[in-house]
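Morning, everyone. Please have the sequence and the model open while I talk.

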Amino acid sequence: MLNIILLGAPGSGKGTQSDMLIKELELVHISTGEILRTEIQNKTELGKIAATYINRGQLVPDELTVDILAHTLDGCKARRGVIFDGFPRTIPQAEELKRLLNDGGEDISAVMELKVEEEELVRRLLERGKQSGRTDDNEETIRKRLEVYHAQTAPLSCYYIKEGKHHAIDGTGTVDEIFDRIKTICQTL
Ligand code: AP5
Ligand code: MG
């Protein structure tokens, strides 16, 4: 079973590359961001709480995202593997994911970190914001999301380097070029 984490700053291409990978490898795509946006759209209690964090560019509390992740994983038992997009985002989330997978006799196969310069990230997200309708795609919130990424999520690189699972990927160039880089690593797994 392939369990791949796509790590990377906002706008680094996690969603774009996940869409291509699930087609190629027939994996399940779990994006906690997408799940939370659906909850917001459906005006659920969870959605109302999540919106207060997402609209400010902050992380939703670990208890909530870990619950969502556990529930979603449980719902896709007969799977070939999973692409984790936007989870984990903190060390406690990483510990919890490890525990959940290990409990089911599985493990993380690889962590691919998409590396993109900050100004390119801002450019991509501002461009997407013209059409996306995402409430967090405005300059102020984008800058906050990047700040939160550096403070809370970037330490995961070291965490996964120590676990021997980390692969750095140049996240610039065309979507196809980046996809080829990811596939090359997948072939070694
Ligand atoms: P989430 O939805 O995960 O958003 P994000 O991490 O901010 O990342 P994005 O979805 O904006 O970017 P992406 O890396 O997917 O890039 P994409 O492929 O779209 O999370 C949103 C919020 O939810 C968080 O801020 C947090 O509040 C909350 N949340 C979610 N998970 C959480 C968790 N685990 N814990 C706590 N809180 C959580 O690409 C971006 C744009 O660039 C697109 O327009 C795309 O077309 C374009 N693009 C892609 N590749 C290229 C390329 N090679 N060249 C040029 N343009 C490109
Ligand atoms: Mg995304």
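I will go through the ligand, then a serine, then a pair of helices.

This is a predicted model, in which local features need pLDDT of at least 70 and side-chain atom pairs count only at pLDDT 80 or more, while totals for chains, interfaces and linings use all residues. Residues are numbered from 1 along each chain as its sequence is written, chains are lettered from A and ligands numbered from 1 in the order in which they are written, and side-chain values use heavy atoms, with hydrogens and water left out.

Ligand 1 first. It is surrounded by 30 residues, the closest being T16, T32, Q58, R89 and R128; a residue counts here if one of its heavy atoms lies within 4 Å of the ligand. A polar side-chain atom of R89 is 2.5 Å from an oxygen atom of ligand 1. For a polar backbone atom of G15, the distance to a ligand oxygen is 2.9 Å. Polar contacts here are pairs of N or O atoms within 3.5 Å; within protein, one must be able to donate a hydrogen and the other to accept it, and residues adjacent in sequence count only if both atoms are side-chain atoms. Helix α2 (32–41) contributes the most to the shell, four residues. Helices are DSSP runs of H or I, at least four residues, numbered from the N terminus.

Next, S18, in helix α1 (residues 14–25). Is S18 buried or exposed? S18 counts as buried because its relative accessibility is 0%; the cut-off for buried is under 20%, with a 1.4 Å probe and protein chains only. A polar atom of its side chain lies 2.7 Å from the backbone oxygen of K14.

Last, helices α7 (residues 139–153) and α8 (residues 155–162) pack at about 35°, axes 6 Å apart. Axes are lines fitted to C-alpha atoms over the stretch in contact, and angles run from 0 to 180 degrees between N-to-C directions.

Notes
Helices (H or I, at least four residues) and strands (E, at least two) are DSSP runs, numbered from the N terminus. Buried means under 20% relative accessible area, exposed over 50%, partly exposed in between (1.4 Å probe, protein chains only).
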